[in-house]
Amino acid sequence: MSFEMALLAAFATLIGIPAAIHALTELLVSLVRWQLNPDGTLKGRPTCRTTPSSITESNRPQSSLHCERAIRAVQLAAPFKLPEQFYSRWDDLEWQFDRRL
């Protein structure tokens, strides 16, 4: 399994967007950035920003929830079990959370 697929699998079950607002959040794209320690634990709190072009009048109220859920998914997935020899590749990450999750 590739590094990207391992992250995607870890996040898929953790993002938890409620079904009632799933249709409204479908177009939202949130970019979450976080740093990791060599043991895979989080170094600080992840940050998030929603891509402005993904926000519509209909989903604007849900954009902050989308970011918070994406941050929470990262926090719940930690500690990450990643190969330490590639630490320089995964010490500072940014991941796009969108409808694929």
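Student: Why is glutamate 57 counted as exposed?

Tutor: This is a predicted model, and its values are computed from the predicted atoms. Glutamate 57 has 63% relative accessibility. Exposed means over 50%, so glutamate 57 counts as exposed.

Student: What makes glutamate 57 and arginine 60 a salt bridge?

Tutor: Their closest N and O atoms are 3.1 Å apart. The rule asks for a side-chain nitrogen of Lys or Arg within 4 Å of a carboxyl oxygen of Asp or Glu, so the pair qualifies. Arginine 60 itself is partly exposed, at 43%.

Student: How many salt bridges does this rule give?

Tutor: The count comes to three. One of them joins the side chains of arginine 33 and aspartate 92, at 2.5 Å from N to O. Arginine 33 lies in strand β1 and aspartate 92 in strand β3, so this pair ties together parts that are 59 residues apart in sequence.

Student: Why is aspartate 92 called partly exposed?

Tutor: Its relative accessibility is 30%. Buried means under 20% and exposed over 50%, so aspartate 92 falls in between. The value for arginine 33 is 43%, and that residue is partly exposed as well.

Student: What makes arginine 45 and glutamate 68 a salt bridge?

Tutor: Their side chains meet at 3.1 Å, N to O, and the limit is 4 Å. The pair links distant parts of the chain, with arginine 45 in the loop between β1 and β2 and glutamate 68 in helix α3, 23 residues apart. Glutamate 68 is partly exposed, with a relative accessible area of 42%.

Student: How do you know whether serine 30 is buried or exposed?

Tutor: Serine 30 has 0% relative accessibility. Buried means under 20%, so serine 30 counts as buried. This residue is found in strand β1, and among the residues touching serine 30 are Cys48, Trp95 and Phe97.

Student: What makes the pairing of serine 30 and histidine 66 a polar contact?

Tutor: The two side chains are joined at 2.7 Å. A polar contact needs N or O atoms within 3.5 Å, one able to donate a hydrogen and the other to accept it, so the pair is listed as one.

Student: Which residues have the most contacts inside the largest nonpolar core?

Tutor: They are Val32, Trp34, Leu36, Val74, Phe80, Trp90 and Phe97, in a core of 15 residues. β1, α3, α4 and β3 each supply at least two residues, and α3 gives the most, with five. Valine 32 is in contact with residues including Ile71, Val74 and Phe97.

Note on methods
Residues are numbered from 1 along each chain as its sequence is written. This is a predicted model: local features need pLDDT of at least 70, side-chain atom pairs count only at pLDDT 80 or more; totals for chains, interfaces and linings use all residues. Side-chain values use heavy atoms; hydrogens and water are left out. Helices (H or I, at least four residues) and strands (E, at least two) are DSSP runs, numbered from the N terminus. Buried means under 20% relative accessible area, exposed over 50%, partly exposed in between (1.4 Å probe, protein chains only). Contact means heavy atoms within 4.5 Å. A nonpolar core is a set of buried Ala, Val, Leu, Ile, Met, Phe, Trp, Tyr and Cys residues joined through side-chain atoms within 4.5 Å. Lists of a residue's contacts leave out its neighbours within four places in sequence.
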